[in-house]
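Thank you all for coming; today I would like to walk you through the pockets of one structure, so please bring it up on your screens.

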Amino acid sequence: MHTKLHVAIIMDGNGRWATLRGLPRLAGHRTGAKAVRQVIEAAPELGVGVLTLFAFSAANWKRPAEETDALMALFAAHLESEREECLINGVRIRVIGRRDRLPQNVRDSIVRTEQETAAGRELEVRLAVDYSAREAIAQAAANASIPRALGPDVDLLIRTGGEQRLSDFLLWECAWAEFVFTKTLWPDFGAADLAAAIADFRARDRRFGAIPQHPIGDTMQLTL
Ligand code: IPE
Ligand code: IPE
Ligand code: MG
């Protein structure tokens, strides 16, 4: 069996998913939250040990208050409603990012969820909320604790929604990550999409600067 993977996902495309259907953007965020559940449920059997999900970036505060308020309410509601299910399934929840700008009820839900799920060993879910990789790195550097303060190396980074950029997510941890960019919008992403991305990842030859293990492919013979 392979060692457990760290998969990170930039969950993008909620707004466009809703707009395409003539719905308010919030409808996309709501449906996106259901996709989160699907992916968390599917992850352990696909060999994922750590799943880091980009839910809200430090730059997302630039959005109208109506949207950021609704997103904060959605986080609190989902942390509350999913906590029991996480406990039953051995899912540990951790939240990364700044806490001081979050509403008090979201902070309370985070603390309770982190405490109650702390013994989960099947899967660790790291939810990035009010997160900026640059801020995280600068803070870790100021405390002289970069490897300890930041997360484990990312094996596979997936971004939905068609954009091909990192948007200030896990800059340090993605040093050797493999990337999968998909046009699928986040609310449409499910277990099969995660499985496909991981299959793509497993077919790649990660060299970390060394020479290829399979220089001309598995099926060809080297005839020198
Ligand atoms: C990702 O979807 C969710 C958040 C950033 C909170 P978006 O809301 O960015 O959706 P698009 O990119 O506008 O479609
Ligand atoms: C990145 O998506 C942040 C999250 C998915 C939470 P954005 O939609 O905010 O990124 P940009 O603005 O397109 O780079
Ligand atoms: Mg977006």
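This is a predicted model: local features need pLDDT of at least 70, side-chain atom pairs count only at pLDDT 80 or more; totals for chains, interfaces and linings use all residues.

Which element gives the most to the lining of the second largest pocket? That is helix 5, with four residues, where helices (H or I, at least four residues) and strands (E, at least two) are DSSP runs numbered from the N terminus. Residues are numbered from 1 along each chain as its sequence is written, and side-chain values use heavy atoms, with hydrogens and water left out.

A pocket here is an open set of points on a 1 Å grid over the protein atoms alone, where a 1.4 Å probe fits, with protein on both sides within 12 Å along at least five of seven lines, and lining residues have an atom within 4 Å of a point.

The second largest pocket holds about 360 Å³ of space, and among its 18 lining residues Gly97, Tyr131, Ala136, Gln139 and Ala149 lie nearest the centre. Strand 4 and helix 5 (133–142) each supply at least two residues of that lining.

Turning to the largest pocket, its volume is about 1100 Å³, and 47 residues line it, with Met11, Phe54, Ala55, Phe56 and Phe75 closest to its centre. Helix 3 provides the largest share of this lining, 10 residues, and among the other elements that each supply at least two are helix 2 (25–42) and strand 2 (48–57).

Definitions and conventions. Chains are lettered from A and ligands numbered from 1 in the order in which they are written. Grid points are joined across faces, edges and corners, and a volume is the space filled by probe spheres set on the points.
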